[in-house]
Amino acid sequence: MKAVIMAGGFGTRLRPITCNIPKPMAPVANVPMMEHIINLLKQYDFKRICSILYFQPEVITNYFGDGKKFDIEMEYQMAAADYGTAGSVKNTESKLKDEPFIIIYGDVLTDFDLSEAIKFHQEKKAMATMVLTRVANPLEYGVVITGEDGKIIRFLEKPSWGEVFSDTINTGIYILEPEIFKYIPEKTEFDFSKNLFPLMLKEGLPLYGYIADGYWKDIGSLDEYILAHQNVLNGDVRVQLPGERLNIVGRDVYVGKNIKMKQNKVKLKGGVVIGNNCVIEDGCELENCVIGDDSVVHKGARLKGTTVWSNVEIGERAELGKAVIGSRSRIEEGAEVESGAIISEDCIIGKNAVVRENVKIWPKKEVEEGSTVLYSLIYNDKWSKNLFTDFAISGLANIEITPEMACKLGAAYGSSLKKGSSIIVSRDATKVSRMINRSIICGLTSAGINVADLRATPEPVARYKPNAFLRDGGVHVKMADDNPNQLEIKIFDQQGRDISTATKKSIERLFNREDFVRANVVEVGEITYPPRVPENYCEELLKSIDVKAIKERKLRIVLDFAFSEASGVFNSFLGKLGCEVITLNAYHDEDKIWDLSQEKSRETVTTMVQSLNADLGVIMGNGSENITMIDNKGRVIQGQKAMLTWAKMIFDLKPGATVAVPVSATHQLEKLAAKSKSKIIRTKTSVRALNDAALNKDIEICLDEKGGTIFSSFQAAFDGIYATVKLLEAIAKLNKSLADIVDSVPEFYTRTQRLPCPWEAKGKVMRYAMEFAKDKETQLIDGVKILMGKGDWVLVLPDPDKPFVNLTVESSSAKASDELLKMITEKVNKWKTAD
């Protein structure tokens, strides 16, 4: 059986250490990653190996040659183009068509027993066997479920937490029969996980999964690269370490040839690997570190968890943490390099200089003596591990979200677009939003993106059909609803929807890699200030509603604008609706926004509705995306009560209508729909999922559990301004009071619980949830929803942003729902600590 090593990756996520070498040649414990893979293959009698190359192939071919030096037969296949993983193997068909073969990536670290996997493959008579393992965080991999016989029954590539149904993942190691080639098209981009394996599942071909024991790590980031070294030094993975093992009690030290080190003068702790021809002077302290060939560590230097490549010089009394030092670099006397820092090749860190945590320094850079490097020498340091939460970028204003960070964000977003694209930028009226808005504009224009600055504009107005005005998307900056120090940045696409997860990841990669497009002088983006944007929005709004019906009803309403920008928009059309309107807080006052709590606003509007005998009250949410309703009895209608109220109005006005709601919403919605032969469609819980549903013109309205509404006939985004007018229209056309409509809505008994859960336990929890659901009807729209019978259900949904699992249950009474929540809470607490 032949082995195929996939070694064509660019290694962009490992930059700057892979600026000058392909990723498989980055050393782990002084041995290239790919050589570790070859050693593993040799251990299981794979002597004939074909390496598929694409990026910087000469580095690999020069090192391994024909393989004789490594006691193997090595041949190479150069990819003419990027045809994907399966496509590149198809390009190698002539070398593999006569026998089964194993595929393994050259940039992973593993000690799996490959003979057991091959034995499994042969026993099952599989056409393809995926080698699987279990991991704490399965988001970056393909999640797999196998039957009891090992046959793969479900597979999903790189899921969100809501889609995670197991912690068992695809390792990228495949055992394949040559018959597989007839399912792979020639010279076409075709991927194993995205194309071939889904095709095999669909066709019912023998696709199996073998769950391997042992260590496996995809070294896909700099953090993982550092961690891989610590795993090697701790003995967590069985690999061949170069050099001779010294007989030192309590320490695991490997040294190469011709080293100069007095053991009694050097403090060694934990695992230490020292390469050939190294000099370790007296008084040094080496703990859990790797020293590359031909390196010198001078007197008194302290290295703790450091990975040092070859030909490096570490000066006297220098202190290095869990950092990476590239080849031919020099760390001078008294310098300090903190954990997470990456010093690339041919760099000089001057005397007593400090390189702070997580700073990246690209090749051939010099840090002057005594300097403190807070950011990368090219751009700013990484701001956050995850730039986006599920709905926005949020952080403390001018502390986490600074002008520098915002400019970098604008450049990252701009770099993800085609040069010359046009983007809408808008904000609320606060000073800090204006400051951040202008910084984002700077970043966008630097990438060659044209900007249409709407200045202070309600978010729904800015989101209204950008593609109709030849815009490719937009950015809105606003203060958070409930925190005067928190800022939110929302990015939307050309249809006004929140950007997709794939786009978020693309922007995050550009942001964290600091790999920005820079337009030349004549291509820098233009800034324009489009006229009549609110007026156009209002004109389209009035065209889409029954103005006559609202006029004839002559409603009296109390409308609290909560100092939002919506007041200016309403003034353009409110007089045309024939309503008697009592307005509150209909002007902008930055100081008063935070004095006006939601509770105080509700109390004020409730009192005025009752005392003035008004038909209803409406409180505009900050950002104008949603509203709070007050009925004519003075009751606050919000959350799922508002959702049911909206659904009831839609079903009464349009029997047979289709309404989209999140999977976590009450099942009373289906009962309401059945009475008017209407339909409920369930979506994921994210805003984007409801945005997407709104593009389906068969859907009348999308509702969320906060009472938010998206009317698909108007736009694909939440819009509190439009919701207010549609509420007036519904009350007028139904000729009922809002209180009567609310009273006709059924009671519901949902309960929710946000349960702390470590990131590393989330996949395990979801696996146990699937096992618990084995004999029950299950929905995998978002998380695992288990139908327990008699209308009871539970939803287990990992939080996408924080170390929590969100639980939602519903039953026929408050007591029964409380008991159901207690039951599933106890189970999840048990699952997250299970072996």
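Student: Which residues are exposed on the other side of helix 18?

Tutor: Exposed means over 50% relative accessible area, buried under 20%, and partly exposed in between (1.4 Å probe, protein chains only). Helices are DSSP runs of H or I with at least four residues, strands are E runs of at least two, and both are numbered from the N terminus. Lys671 and Ala674 are exposed on that side of helix 18. The model is predicted: local features need pLDDT of at least 70, side-chain atom pairs count only at pLDDT 80 or more, and totals for chains, interfaces and linings use all residues. Residues are numbered from 1 along each chain as its sequence is written, and side-chain values use heavy atoms, with hydrogens and water left out.

Student: Which residues of helix 18 are buried, and why do they line one face of the helix?

Tutor: In helix 18 (residues 668-675), Gln668, Leu669, Leu672 and Ala673 are buried. They line one face because, viewed down the helix axis, they fall within an arc of 140°, the arc being that of the directions from the axis to the C-beta atoms.

Student: What covers these buried residues?

Tutor: Contact means heavy atoms within 4.5 Å. The cover includes helix 17 (639-653), strand 45 (658-662), strand 46 and strand 53 (804-810).

Student: Where is Ser686, and does Ser686 count as buried or exposed?

Tutor: Ser686 is in the loop between strand 46 (679-683) and helix 19 (687-694). Ser686 counts as buried because its relative accessibility is 17%. Not counting residues up to four places away in sequence, Ser686 touches Asp390 and Asp782.
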